[in-house]
Amino acid sequence: MAACALRRGFLSSVSKYNKKHTHRILSVADTSSGFEAYRPRVQCRACGIAGGVQQRRFMSSRPEGKILETVGVFEAVKQHGKYETGQLFLHSVFGYRGIVLFPWHARLYDRDITPPMSDSKPEPPGAHGSKEVKGKTHTYYQVLIDTRDCPHISQRSQTEAVTFLANHDDSRALYAIPGLDYVSHEDILPYNSAEQVPIQHELFERFLMYNPAKSPPFTARDTLKAWQEKNHPWLELSDVHRETTENIRVTVIPFYMGMREAQNSHVYWWRYCIRLENMGNEVVQLRERHWRIFSLSGTLETVRGRGVVGREPVLSKEQPAFQYSSHVSLQAPSGHMWGTFRIERTDGSHFDVRIPPFSLESNKDDKAPPAGYTF
């Protein structure tokens with residue numbers, strides 16, 4: 001399993017990566033991995049995380065039977081500048097193989113950094129705390145995920161996809177293009193490969209062509225350029241929000257999806273992607289969520305529930321991150337969301353992790369519907 005093996009096989013040495021070009025990248029062609037805990041015993045198809053263990057929640061991964069194969073050679077990590085279209089990479093957290101389609105410049109609002117009071121984002125009504133946060137420009141990338149790795153990314157609720165509103169009157173209809181992800185610059189581990197089709201994805205050959213005279217040797221086809229231009233309002237990420245509580249970092253990226261009319265009123269839709277990361281050594285598990293959703297119309301909604309997207313992920317040193325996406329709609333062109341995640345330690349004690357407040361803004365042009373698969 002590529003993701004698991006990358007995580008356990010070579011990612012443990014990523015911090016020691018010396019930027020030389022001689023490191024081979026290994027992927028797993030076939031493996032079985034186990035999950036061992038105090039009773040009951042649980043086995044997941046990938047890494048065995050989130051296994052429903054209720055007694056002692058101390059877990060240790062014991063992968064067995066790995067068969068490694070070379071997929072490429074590491075390149076130097078870029079400390080400055082950006083990666084170009086066609087750059088092959090491994091995700092430093094989730095371990096999958098991918099390729100860069102194009103970069104985005106987002107504003108990162110990091111609540112772990114105390115900035116000057118000027119040029120900051122205001123707090124939403126009723127949000128926790130009064131800290132003002134200054135945004136800084138940060139590079140993210142739209143990428144394709146290799147479909148061979150998708151079944152093994154157990155740290156994700158699903159293989160990431162870009163979702164759009166459907167091009168008809170059903171205001172609740174959504175469609176998705178799977179295997180598209182947004183990756184932060186520091187999560188890119190660049191590599192090169194001699195293969196002309198190193199990434200398996202149905203859009204790879206529609207969007208990219210092999211050109212050995214270029215570096216990287218994959219260039220954008222006109223279909224990729226046209227698709228990006230036509231879908232720009234629905235693909236672009238503008239704001240990224242981050243906050244850490246007791247070594248658990250929460251990152252939120254909201255996306256405006258558009259407006260639809262329903263029962264003589266306007267309904268505005270957003271998608272939001274959330275990533276939880278355990279920055280410490282203690283094993284913890286997400287148990288509950290508590291959301292507050294404020295609409296410009298003046299309504300304040302509270303949402304409580306077990307876990308997220310039907311899962312209660314474990315965050316350990318071996319599997320420190322979990323990511324998922326969800327959607328929200330308002331009958332107003334803007335609003336705010338914030339809240340907390342209830343986290344449980346192995347001794348049964350709990351603490352609340354703050355979800356940083358983020359704006360829901362509809363400042364995109366609604367006149368042109370998203371093109372989706374239209375090329």
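I started with the aromatic cluster, and Y272, W291, F341 and F358 form one. This is a predicted model, so I kept to its thresholds: local features need pLDDT of at least 70, side-chain atom pairs count only at pLDDT 80 or more, and totals for chains, interfaces and linings use all residues. Residues are numbered from 1 along each chain as its sequence is written, and side-chain values use heavy atoms, with hydrogens and water left out.

**Ring pairs.** I got 13 aromatic pairs for the structure. Rings of Phe, Tyr and Trp (its six-membered ring) pair if their centres lie within 6.5 Å; planes under 30 degrees apart are stacked, over 60 edge-to-face, the rest tilted. Y182 and F255 make a tilted pair, because their planes stand at 35°, with ring centres 4.7 Å apart. That pair links distant parts of the chain, Y182 in strand β9 (residues 180-184) and F255 in strand β14 (residues 248-262), 73 residues apart. I take strands as DSSP runs of E, at least two residues, numbered from the N terminus.

W291 sits in strand β16 and F341 in strand β20 (residues 334-345), 50 residues apart, so I noted another link between distant parts of the chain. Both W291 and F341 are buried.

**Charge over a ring.** R271 lies over the face of F255, 4.3 Å from the ring centre. My cut-off was NZ of Lys or CZ of Arg within 6 Å of the centre and within 35 degrees of the ring normal.

**Pocket lining.** Which residues lie nearest the centre of the second largest pocket? I found Y272, R289, W291, V303 and S326, out of 15 lining residues. A pocket here is an open set of points on a 1 Å grid over the protein atoms alone, where a 1.4 Å probe fits, with protein on both sides within 12 Å along at least five of seven lines; lining residues have an atom within 4 Å of a point. β19 gives the most to the lining, 6 residues.

**Cysteines.** My search of the whole structure found 0 disulfides (cysteine sulfur pairs within 2.5 Å). C150 is buried at 15% relative accessible area, and C273 is buried at 9%.

Definitions and conventions
Helix = DSSP H or I, 4+ residues; strand = E, 2+ residues; numbered from the N terminus. Buried < 20%, exposed > 50% of the residue type's maximum accessible area, 1.4 Å probe, protein only.
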